[in-house]
Structure formats: C-alpha cells, structure tokens
Amino acid sequence: MDGEKEKVPAQVRTVNPLVPVPRGPIPTVPPESTRRTVRVTIDGREISVPEGTTLLEATRKAGKDTPTLCYLESLTPVNVCRICVVELEGSRALVPACSRKAEDGMVIRTDSERVRLSRRLILEFLASSVDVSTSPQIRSYLERYDAQPQRFGVPQSASEGRDAAHAGVHVVTDGSRAAAVAQPTKVDNELYVRDYGKCILCYKCVEACGVDAQNTFAIAVAGRGFDARISTEFAVPLPDSACVYCGNCIGVCPTGALMFVSEHNMRKAGTWDESRQSSTDTICPYCGVGCTLTLRVQDEKIVRVESPIENGVTHGNLCVKGRFGWQFVQIQDKNHNGSDAG
Amino acid sequence: MDAHYTKQHSSAAEKQAVDSVLGAPDSGWKGGTRSPERDGHSAVNGHARGSERHLLLPVLHAIQARLGWISPGALNYACQRLDVPPAEAYGVASFYGLFSVTPRPPCVLHVCDDIACMTRGGEELCGKLESQLGPPGSASLAGKVTWLRSPCLGLCERAPAALMSRAGEKPAEKVVAPASSGSLVSTLQSFAVATIKEPPDHFEASVSAPQLTHGDNSNLMLLRRIGRIDPASLDDYRAHGGYDALRRALDRGGSWVVREVSASRLVGRGGAAFPTGKKWDPSNKPRYLVCNADESEPGTFKDRVVMEADPFSVVEAMTIAGTALGCERAYLYVRGEYPLAGERLSHAITAARERGYLGNNILGRGVDFDIEIRHGAGAYICGEETALFNSIEGLRGEPRNKPPFPTQAGLFGKPTVINNVETLINLLLIVQEGGERYAALGTKGSTGPKLFCLSGHIRQPGVYEVPFGTTLRELIGLGGGVSGSGRLKAILLGGAAGSFLSPDELDTPLTFEGTRAVGASLGSGVVMLFDDTVDLRKILFRIAAFFRDESCGQCVPCRLGTVRQEESLQRLHHGGPIESVDVELSMLKEVGQVMRDASICGLGQTASSAVESALRRWQLF
Ligand SMILES: Cc1cc2nc3c(=O)[nH]c(=O)nc-3n(C[C@H](O)[C@H](O)[C@H](O)COP(=O)(O)O)c2cc1C
Ligand code: SF4
Ligand code: SF4
Ligand code: SF4
Ligand code: FES
Ligand code: FES
C-alpha cells in the first residue's frame with residue numbers, strides 16, 4: 001500500500017447504530033363486544049358498524065358489492081390494486097375500502113362517477129398489460145365496469161428481459177404498442193409453474209410466502225415501477241430458492257399466474273374443462289393436524305388441491321404433502337384391483 | 001424462519017465490504033468461523049435477530065462501492081449477517097437506481113438528461129457521449145467505464161451536469177458541472193484510474209447562490225452564511241452566530257420552542273405545504289425526528305446548497321427540533337447523488353458530537369440527542385415521507401397508505417416528525433426572532449423567507465432567497481432576466497410534480513395561496529424558465545418518462561398510468577393517435593384523473609399535473 005493510513009472508503013458511509021431499534025408491539029383488536037360502534041353513511045344509507053371495521057366490510061354490510069383484487073381476509077391489506085376505492089366526503093383523493101377503517105360520521109359513495117372511472121381505468125390498465133384470460137374474477141369486473149382495455153393499443157409481445165430490468169431505466173417507444181408484462185412462462189420444477197405474464201402484482205403470493213402464512217420468504221417484489229416483478233433472489237429458479245413447495249402462493253393467486261403443472265399442461269393440451277370438474281372435501285392423510293383438502297377432480301383425476309380459506313385449521317394454507325402429495329392416489333396399479341381407482 | 005441462503009460462497013472482498021459496515025461477525029451463526037465452544041449451544045433469537053435490518057441500505061452501499069455491483073456472494077453474506085431473506089434483500093437492492101444487481105464496470109458516469117439540463121445542452125452532450133463511449137450502459141475505456149442517463153442530479157444551476165462514481169478499494173465520486181463532452185471524457189479517463197481521493201465537488205457561492213454577490217444582500221437570512229464561512233469549521237460557524245439559537249432554545253425550553261413554531265405559522269418547504277406547528281404536537285410524543293434531505297424533485301437544489309455550504313445549520317436546527325420535541329434520535333436522509341453534501345454533513349455531525357453539541361448531555365444541559373445519516377440510492381420516491389421510513393428500515397422504498405400518519409406511526413412504527421431541510425433551518429430564525437416577528441415577514445398565509453431554485457433559461461441560475469409574496473416577475477428580475485432567445489415561453493413552477501405557467505401569469509405572487517389561485521403550487525420552490533425555442537412537447541416527454549421511471553410500482557393507477565400517459569404523448573407526437581387527437585387527449589385526461597384520484601401517494605397523484613397544466617395553456621398537439 002502507499003503508506004497512507006487505510007481510511008474508511010468514501011462511499012462506505014459511516015453508520016453508527018447507537019441503539020438497536022426495536023419494533024413496536026403488534027396492536028391487537030379488542031373483542032367485538034367492547035368496541036364502540038361508529039355510524040357511516042353509505043350511498044345515502046346510514047349504518048352502524050363496530051369501531052375498527054373496514055369500509056369494505058361496511059359497504060358489504062350495506063349490501064354493496066365492492067370489487068377487490070389484492071385483498072384477502074387471511075392476509076394483511078396491502079391496498080395496492082386500488083380497485084376497491086370509494087369516495088369519502090372531505091377527502092381529496094378516493095380511499096381504498098379494503099384498508100381504510102370506518103370512522104364516525106364518514107359519508108361514503110361507492111358508485112359515483114369518479115369511483116366508476118377509477119375502477120374502469122384500473123381494469124383497463126391491468127387488462128391491457130396483463131393476460132387476464134385465466135382470471136374469471138377480473139373478466140367479470142371488466143364486464144361490470146364496461147372496460148375497454150384495447151383502447152390503449154395492441155399489447156407488446158412477450159419479452160425475455162423483465163428479470164434483468166434496471167430500476168429507473170426504460171426504452172422510450174413511439175407508443176404504438178401498449179407496454180405489457182408478457183414473458184415466457186417459468187417452468188422450473190415439477191409441481192407448479194409461474195406465468196408472470198398473468199401477474200397483476202397484487203402482492204398476495206409474497207404475503208402468503210412471508211409473515212402472513214408460510215414464513216419462508218422465497219419470493220419478494222423486485223425492481224421498480226412498471227418493471228416491478230415477483231422474483232426470487234437474482235431470479236434463480238425455484239429449486240435454487242428457499243421455496244418449500246407449500247403452494248400457498250398458488251392458493252391465493254387471483255389470476256392463474258401461479259398454477260399447478262397438472263392444470264398448466266391440461267390447459268396447454270386443451271383438455272382443461274371446468275364443466276367436467278367437481279370438488280370434494282377430504283382430510284389430508286399425512287399428519288395429525290388434519291387439514292381440510294378440497295380436491296378438484298376432472299375425469300377421475302385430481303387436477304388441483306386447495307384448502308378452504310374459511311377453514312379454521314388451515315386458513316387456506318397447506319404444506320407440500322397436502323398440496324402436491326397426491327400422485328399416489330392416481331397411480332394405475334395393475335396388480336391392485338381396488339374398487340376406488342379414483 | 002429457517003434461513004435459506006443462496007449457494008454462492010462469498011469472496012474476501014465481498015465479506016470485507018459487508019464487514020466494513022457491520023464489523024467482524026461474532027459467531028458462526030452470522031457467517032463467521034464456527035467455533036463449537038462458542039456457537040455450539042447457543043443461538044441468537046427473538047428481538048435481537050432481525051433487529052439490524054435497518055443496516056441493509058448502508059451495507060448495500062458498501063457492497064456497491066467496493067465491487068461496483070451487488071453480487072450474489074456479497075448479498076448472501078449480507079443476508080446471513082443481517083438475518084434478511086435473500087429474496088427480500090434482492091427486492092431492496094433492485095429497487096434503487098444507483099445499485100446494479102448485474103455486473104457492471106467499476107466506473108459509472110451519470111449524465112443528467114433532465115429538463116433543466118435540456119435547456120443547456122444536456123441532450124447534445126448525451127449525443128456526443130454516445131458517439132464516443134457507445135450507447136448508455138455499454139462498457140468502454142477497456143471495460144472500466146460505462147455511462148448512463150440520469151434524472152435531475154440537483155445541480156441545475158450548473159447545467160448540464162454529470163456525476164461519476166468509482167468502485168473499488170478506494171471508491172470515490174466526482175461531480176462535473178457544467179460538463180462538456182470533451183472535458184467530461186478526459187476527466188472520466190483520469191478519474192477511472194485515480195488512486196487518490198479528491199473532494200467530490202467544489203462549492204462556489206457566486207455560482208450557486210448569485211444573489212450573494214449582488215450589492216445589497218444584508219437582508220438575507222437563510223443564506224446569510226453561505227460562502228462566508230468554512231463549512232468544515234465549527235468555530236467559524238459559531239463565529240457567525242452558529243449555535244446561539246440552540247442555547248436560546250435550551251434556555252427557554254421545549255414547550256416554548258413548540259409554541260413559537262406554532263406562532264410563526266411556518267409551513268413545510270418539502271412540497272406538501274403542511275403547517276409545521278400542527279405536525280409538532282408534543283402530545284403525540286414523537287420518538288424520532290427525520291430530516292428529509294432526499295431532494296430529488298427535478299429542478300430542486302436549494303437543500304443541497306444549504307447542506308454543502310452551511311452544514312452545521314442543518315445539524316443545529318435538527319438538534320433544536322429534536323430536543324424540543326423530546327426525540328432522542330434523528331435520522332438525516334441525504335440524497336445518494338449528493339456526495340459533497342453527504343461528506344460535509346457527516347463531518348459536521350462528528351464535529352458537533354466531539355464538541356458536546358450532540359450526544360449525551362448536550363451542552364451540559366442533561367439532554368441526549370444524536371443524529372444518524374442515511375444515504376439514498378437513487379430513488380425519487382424515497383423523498384416521500386413514508387417511503388423514506390421504509391427505506392431507512394431496510395425495506396423497499398414503497399410509500400405506505402395514510403392514515404396512519406407519521407405523527408401516529410412513522411419510522412419503525414413509532415410517532416415521528418419529519419421535516420424538510422429548508423423547513424428546519426427556518427427554526428434558527430424563529431428561535432432567534434420569536435414566532436410573532438418571524439410571521440411578520442411574507443404574507444398572511446405564507447410567512448417567512450423562501451428559497452427558490454431558478455434554472456433553465458435564466459441569466460443567473462441559482463438559489464435565491466426572497467420573502468414570500470415576491471412576484472414571479474420580480475424573482476426573474478433578480479436572476480438577471482430571461483436568457484436564451486430572451487423571449488419567455490413558459491415557466492415550470494414546483495418541479496415535475498408542479499405546473500406550467502405562461503408569461504402572462506408573471507405577476508403571480510409567490511405564495512402558497514397566490515399560486516393556488518392560478519391552479520399551481522409552489523412545490524419545492526422550483527422556478528424553471530423556457531424560452532420560445534424550446535419544444536415544450538419534449539419537456540413533457542421527459543417529465544412523463546421521469547414519472548414512469550420513478551414510480552415505485554406498487555399501485556396500479558400509477559404503475560400503469562405513468563406508462564400509458566407517456567405512450568399517449570408519444571403517439572400524439574409521432575402522429576399516430578388512437579382514433580383522433582381529441583380521443584387521445586380525452587384518454588390522457590382520464591388517465592390523469594385516475595392517477596390523481598386513486599394512487600397511494602403524491603407521486604402518482606401529481607404525475608399528470610405538469611402535463612395537464614401545459615395542455616390547458618398551449619395547443620401542443
Ligand atoms: C414523490 C414525492 C417526493 C418527495 N420528495 C421530497 C423531498 O425530496 N424532500 C422533501 O423534503 N420532501 C419531499 N416530499 C414531501 C414529503 O413527503 C414530506 O411532505 C416532507 O418531507 C415533509 O416535510 P415539510 O413538512 O417540512 O415540508 C416528497 C413527496 C412526494 C410525494
Ligand atoms: S410454494 Fe410456498 S414456499 Fe414456495 S414460493 Fe409459494 S408460498 Fe413460498
Ligand atoms: S403471482 Fe399471482 S398472487 Fe403473486 S402477485 Fe402475481 S397475481 Fe398476485
Ligand atoms: S402512487 Fe406511484 S409511487 Fe406512489 S405508491 Fe403508488 S406506485 Fe408507488
Ligand atoms: S382490494 Fe383494496 S386496494 Fe386492492
Ligand atoms: S441537474 Fe440536470 S435537470 Fe437538474
């Protein structure tokens with residue numbers, strides 16, 4: 001070295017963690033009976049709800065069907081899709097019903113011009129940039145709000161580069177094609193595929209993989225802006241990631257971006273036919289927890305496994321065995337002439 | 001959580017980079033050597049584990065500075081040390097423009113192609129660089145260097161501006177402004193191989209705050225020390241009235257300070273124009289004070305000038321605020337692209353701490369207060385207060401939904417007061433003069449002095465201090481009048497998130513209420529001039545591109561609205577509107593309204609403001 005005393009490099013900015021900073025306690029919701037009630041007016045009708053109720057619950061109580069995409073009872077609200085926005089008197093912007101708590105005296109409109117415009121545009125934004133073909137929910141909303149996604153032009157075709165996008169950089173186009181998230185499907189394991197060309201970035205899978213259910217943290221949102229995407233670290237394939245194949249992300253995905261390989265293959269082959277499918281509830285045979293499984297069956301074959309979100313044991317979550325460990329049921333064993341060949 | 005790390009092993013350099021922030025690992029659990037006696041029967045769990053997440057951003061800076069990119073091996077080791085899942089750390093690293101998660105040459109030249117630089121040859125500069133160094137992002141000069149286009153670097157008074165950074169054992173940064181293509185490439189060549197560390201920039205008061213060289217400048221208050229003191233000398237600062245205000249504040253007590261701030265009717269200078277007195281409600285028991293020095297609004301550079309030339313004033317003002325509000329701890333979040341401001345503030349904090357102006361028992365008065373610096377990493381959105389909290393906490397810089405407001409649940413979930421640099425330095429005046437006298441300056445609705453950032457086609461660009469109520473015309477007069485063709489076409493007020501005014505609105509008084517009356521806002525104090533040779537459409541394209549690049553991507557209205565807005569403008573320009581120009585314009589309007597109505601934060605809510613204000617005033621398409 002040049003004899004100069006080794007200094008802290010300029011960019012290694014001095015950090016001086018004086019005290020470790022603890023997080024606050026998790027706030028608890030008092031039991032319903034001790035909660036005050038608040039009165040809110042929804043589309044002209046006054047209703048009372050317990051304090052702490054979200055506007056979404058309140059609008060539902062008032063008989064309004066408020067659309068949601070990123071909201072799920074079992075997950076912490078992230079309020080990112082904004083489809084649930086409602087008009088709150090006195091507020092400059094619209095407010096997300098799914099996370100905003102009802103307060104005494106609030107006056108809410110759930111179907112005003114502004115609300116409808118926002119919902120319609122949000123649907124148009126999504127459907128013009130994302131393949132929503134396997135999301136019945138979004139397709140019904142599109143109809144309900146008379147959305148015309150094609151008015152933004154023909155969507156761009158699939159691009160390979162989304163995983164490598166650098167924050168804050170994009171290629172400016174002449175606008176003749178509508179930017180889209182279309183990209184090749186990630187098929188890197190035998191259990192489920194990730195088709196992020198269908199991803200609306202609702203954060204549900206990230207939440208299910210993280211603190212809201214699985215605590216595995218295999219996936220997170222990476223990148224920024226339009227290039228934001230669900231990714232493992234450095235976009236490594238799932239087998240190299242922390243994923244334990246619980247499939248809880250699949251369970252919450254509203255668009256079919258995350259899909260069982262069985263379903264993906266059948267759709268590709270054109271044999272997926274919901275009219276020939278039935279669902280059967282059973283109990284997972286593997287361990288003593290006794291999770292409820294909902295088996296989706298087509299032509300006597302299990303094509304998908306879910307668990308009811310309202311189930312008190314699972315809240316919709318399973319482990320790899322319950323979710324995927326059913327192949328044995330379908331092995332055609334010629335030596336075993338069992339009557340339930342299901 | 002059972003931590004799963006990637007398979008990559010970490011090299012010595014990768015470990016060094018992380019350890020330079022965290023110190024050596026204390027056990028095998030944290031990536032150190034395993035020692036059965038020490039590690040065999042114990043593990044750190046619970047609160048202590050994961051409580052260091054807030055060091056992720058500083059660690060990423062150290063990795064980027066040492067290696068030139070965030071490599072898998074380094075990230076993996078950082079994750080082990082901090083107990084952060086690699087997918088989440090990658091999500092954070094890939095959020096910031098100054099970090100690269102793919103290999104990149106060690107020396108990077110960021111060239112501003114934003115709107116103020118566009119009026120002073122920024123685009124031509126980029127064109128020339130492209131012919132000399134290849135397209136942005138490509139490696140050149142034997143693989144040592146790459147160059148990138150950058151949004152506003154906050155150096156608009158010295159446009160066109162560039163910033164270079166060098167990674168390695170002796171990392172460094174250097175500002176070149178104004179930049180010309182010839183000198184830029186030769187500076188870059190020598191910078192890429194330099195081994196000694198020079199100051200990253202030189203501050204010149206006559207350039208950045210030209211008012212100081214005008215005849216009568218005795219009435220300046222906020223700028224009074226700029227260029228007159230040695231920014232590295234605490235003694236010099238004190239000789240010019242420094243730390244008198246802190247003494248007075250400590251003498252009078254915290255509740256007196258809070259009352260005076262209320263009486264002063266001080267309004268926040270960060271852009272949202274929120275009354276500081278309301279924010280400063282001691283009954284909230286704020287735990288943290290945060291100084292927002294992330295200044296990234298295109299056209300804004302006032303905070304930089306203050307931090308570079310009078311850094312102790314920021315430290316003193318924070319100390320007054322923190323001690324008055326009863327916060328023990330403050331964070332100063334400085335824009336990553338401000339190397340000189342960062343260095344000078346670090347130095348000022350250290351010097352103040354050594355002399356008893358910070359730390360335990362400040363000035364022997366039995367109060368404790370300290371300041372920690374955090375550096376941004378290239379994300380405009382991190383100036384939004386709640387995104388800034390997330391950034392400090394080691395999360396992605398995504399804004400939070402409000403409520404709860406920072407005063408209820410801010411940094412680390414605790415009640416927090418966050419103020420802009422300029423807001424805070426006004427405290428020095430308020431404490432010295434008293435709130436009532438302070439409020440006598442300016443207008444009824446906008447009290448006190450205000451800093452404006454004049455740039456674009458103005459003879460003497462720079463930071464100007466005037467009392468609120470000065471008209472736009474008077475301010476332009478102070479700056480020597482319109483340059484370029486000399487014929488003014490448009491004024492952008494408030495930055496990219498602000499609005500355009502036309503020359504017949506020059507008598508608008510520069511106050512919160514006066515600008516509101518013409519449908520504009522003061523924003524962060526940007527006043528950018530465009531002469532009649534400027535193609536305003538190109539300015540709109542750049543603004544639209546800026547918002548698309550800087551959207552955090554969290555919410556649909558903004559993530560996609562900014563994209564559709566840019567596409568629509570491009571179609572109008574390239575003569576290919578969908579259906580007709582009218583249909584296209586009405587679509588643009590709808591996109592704007594949804595961004596305003598349904599976005600989570602101010603970025604999306606204002607992303608259409610400048611575009612709409614221009615389309616209202618001129619028929620551009
Ligand atoms: C996208 C966005 C960027 C912002 N950037 C800054 C900034 O760089 N500096 C700043 O002081 N405030 C910025 N703000 C405003 C802050 O959210 C906040 O209002 C401010 O720091 C409060 O301080 P004040 O009351 O002293 O103005 C930004 C807001 C938004 C929505
Ligand atoms: S399958 Fe389970 S572990 Fe894997 S990404 Fe999905 S939620 Fe996470
Ligand atoms: S993959 Fe599915 S669950 Fe995950 S963000 Fe995308 S749409 Fe939502
Ligand atoms: S408005 Fe834009 S920047 Fe703000 S939260 Fe939404 S996507 Fe992020
Ligand atoms: S459902 Fe409320 S924002 Fe997505
Ligand atoms: S430094 Fe280039 S626009 Fe501000």
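Predicted model: local features only at pLDDT ≥ 70, side-chain atom pairs only at ≥ 80, totals over all residues.
Good morning, colleagues. I shall begin with chain B and its sheets. An open sheet of five strands in chain B runs in the order β2-β3-β1-β4-β5, and its pairing is mixed. Strands β2 (139-140) and β5 (172-176) of chain B each have a single partner strand, so one side of each has no neighbour in the sheet, and these two stand at the edges.

Leu141(B) lies in the loop between β2 and β3 (145-150) of chain B. Leu141(B) is not a glycine, yet its phi is positive, at about 50°. With a relative accessibility of 28%, Leu141(B) counts as partly exposed. Asp114(B), in turn, is found in the loop between β1 (107-112) and α6 (115-118) of chain B. Is Asp114(B) buried or exposed? Asp114(B) is buried, because its relative accessible area is 2%, and buried means under 20%. The C-alpha atom of Asp114(B) is separated by 9.7 Å from that of Ala159(B), a residue 45 positions away along the chain.

Let me turn to strand β14 of chain B, residues 526-531. Six of its six residues are buried, and the strand is described as mostly covered. In a regular strand, side chains alternate between the two faces of the sheet. In β14(B), Val526(B), Met528(B) and Phe530(B) are buried on one side, while Val527(B), Leu529(B) and Asp531(B) are buried on the other. Which strands pair with β14(B)? One is β10 of chain B, residues 449-456, in the parallel sense over four bridges; here Leu454(B) has Val527(B) as its bridge partner. Another is β12 of chain B, residues 488-493, in the antiparallel sense over five bridges; here Ala490(B) stands opposite Phe530(B).

The next stop is the loop between α17 (385-392) and β9 (416-420) of chain B, where Pro403(B) lies. Pro404(B) belongs to this loop as well. The peptide bond from Lys402(B) to Pro403(B) is cis, with omega near -5°. The bond from Pro403(B) to Pro404(B) is also cis, with omega near 0°. Phe412(B) lies in this loop too. Phi of Phe412(B) is positive, near 50°, in a residue other than glycine. Phe412(B) is buried, with a relative accessible area of 6%.

I come now to the cavities. How many cavities of 30 Å³ or more are there? The count comes to 14.

Tyr286(A), Phe328(A), Val329(A) and Ile331(A) make a nonpolar surface patch of about 400 Å². Of these, Tyr286(A) is found in the loop between β12 (277-283) and β13 (292-298) of chain A. Tyr286(A) is partly exposed, with a relative accessible area of 39%. Thank you for your attention.

Notes:
Residues numbered from 1 in each chain as written. Chains lettered and ligands numbered in written order. Heavy atoms only, no water. Patch = residues over 30% accessible without salt bridge, like charges linked within 9 Å, V, L, I, M, F, W, Y side chains within 5 Å. Areas by Shrake-Rupley, 256 points an atom, 1.4 Å probe, with all protein chains shown as cover. Salt bridge = Lys/Arg side-chain N within 4 Å of Asp/Glu carboxyl O. Buried < 20%, exposed > 50% of the residue type's maximum accessible area, 1.4 Å probe, protein only. Pairing = 2+ DSSP bridges. 1 Å grid on protein atoms, 1.4 Å probe; cavity = no way out; pocket = protein on both sides within 12 Å on 5 of 7 lines; lining within 4 Å. Points joined across faces, edges and corners; volume = space filled by probe spheres on them.
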